[in-house]
Amino acid sequence: MLRRHIKARGISDPRVLEAMAAVPREAFVEPGLTRRAYADGPLPIGEGQTISQPYVVAWMVEAAEVVVGNRVLEVGTGSGYSAAVLGRLAETVYTVERRAVLAKAAAARLSELGCDNVSVRHGDGNEGWSEHAPYDAILVTAAGPGVPGALREQLRTGGRLVMPIGGRWATQRLVRERCGEAGQFTREELGAVRFVPLVDEVC
């Protein structure tokens with residue numbers, strides 16, 4: 001997976017590569033799909049959601065520039081795979097999942113794997129997790145027409161926010177925003193992606 005699907009496509013941060021190698025992806029997919037866990041494609045995890053392909057996870061994590069000591073917020077826990085990878089890089093990870101079934105399963109899975117620096121919350125990711133703000137990095141694993149204001153407010157000066165922007169049927173672009181000293185945000189477009197939509201309702 002690392003050689004063929006990640007390094008060959010330009011992911012070069014050694015800490016990201018080490019984290020991807022250390023997290024057992026098969027633990028985050030449904031039992032009948034374990035043989036496909038390391039293929040470079042998304043897989044269903046129930047509730048109409050998917051676990052992102054390995055390359056996209058590595059791409060987003062690298063783009064977030066997570067370093068030792070960082071506090072990270074993830075919106076869209078899913079199976080917990082990305083949070084586990086982030087947990088290998090950051091000091092603390094807080095991840096929010098709108099679907100109660102997925103949040104409960106991810107929390108149990110992360111606990112079983114010893115990811116003690118990752119906390120899972122069931123809630124509306126559009127609101128972030130203000131109790132633990134500000135964050136050095138925020139990753140959003142679902143697409144929306146724009147970055148929710150609450151997430152920008154929870155980003156530390158100098159922090160990075162990585163999110164796919166676009167509609168379900170429209171072109172989506174992965175973007176990285178940085179929070180400047182005066183509270184202004186600059187944006188970079190990183191490339192085309194395809195994600196499920198970020199929605200408001202809490203299930």
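Helices here are DSSP runs of H or I at least four residues long, strands are runs of E of at least two, and both are numbered from the N terminus. With that in hand, let's walk through the protein. This is a predicted model, so local features need a pLDDT of at least 70 and side-chain atom pairs count only at pLDDT 80 or more, while totals for chains, interfaces and linings use all residues. Residues are numbered from 1 along each chain as its sequence is written, and side-chain values use heavy atoms, with hydrogens and water left out.

Start with the overall build. The secondary structure comes to 6 helices and 9 strands. The radius of gyration is 15 Å, close to the 17 Å that the globule rule gives for 203 residues, so the protein is as compact as a globular protein of that length. (That radius is taken over C-alpha atoms, and the globule rule is 2.2 Å times the number of residues to the power 0.38.) Laid along its principal axes, the C-alpha trace spans about 50 × 40 × 35 Å.

How much of the chain is tucked away? Of the 203 residues, 51% count as buried; buried means under 20% relative accessible area, exposed means over 50%, and partly exposed is in between, using a 1.4 Å probe and protein chains only. The protein exposes about 9400 Å², and carbon and sulfur atoms supply 49% of that area. These areas come from the Shrake-Rupley method with a 1.4 Å probe, and for residues only the protein chains shown count as cover. As for how the chain meets itself, take the contacts with a separation of 6 or more: residues 24 or more positions apart account for 53% of them. A contact means heavy atoms within 4.5 Å.

Next, the empty spaces. Rolling a probe the size of a water molecule over the atoms shows where empty space is left. On a 1 Å grid over the protein atoms alone, a cavity is a set of points where a 1.4 Å probe fits but cannot get out, whereas a pocket is an open set with protein on both sides within 12 Å along at least five of seven lines; lining residues have an atom within 4 Å of a point. Points are joined across faces, edges and corners, and a volume is the space filled by probe spheres set on them.

The largest pocket holds about 720 Å³ of space. It has 37 lining residues, and Gln49, Thr50, Thr141, Phe195 and Val196 lie nearest its centre. At least two lining residues each come from β2 (49–51), α3 (54–63), β3 (71–75), α4 (81–87), β4 (92–97) and β9 (185–193), with β2 giving the largest share at 3 residues. By class, the pocket lining divides into 17 nonpolar, 14 polar and 6 charged residues. In this scheme Ala, Val, Leu, Ile, Met, Phe, Trp, Tyr, Cys and Pro are nonpolar, Asp, Glu, Lys and Arg are charged, and the others, Gly among them, are polar.

There is also 1 cavity of 30 Å³ or more, and the largest cavity contains about 70 Å³. Its lining includes Ser52, Glu74, Leu139, Thr141 and Phe195. Both α3 and α4 supply at least two residues to this lining, and α3 gives the most, with 4. Sorted by class, the cavity lining has 7 nonpolar, 3 polar and 1 charged residues.

Beyond its neighbours within four places in sequence, Glu62 is in contact with Gly10, Ile11, Ser12, Asp13 and Val16. Its C-alpha atom is separated by 13 Å from that of Arg9, 53 residues away along the chain.

Most residues other than glycine have a negative phi, and most peptide bonds are trans. Glu47, in the loop between β1 (43–46) and β2, has a positive phi of about 60 degrees and is partly exposed at 39% relative accessible area. Glu65, in the loop between α3 and β3, has a positive phi of about 55 degrees and is partly exposed at 32%. The peptide bond from Ala133 to Pro134 is cis, with omega near 5 degrees, and Pro134 lies in the loop between β5 (118–122) and β6 (135–140).

Trp129 sits in the loop between β5 and β6.
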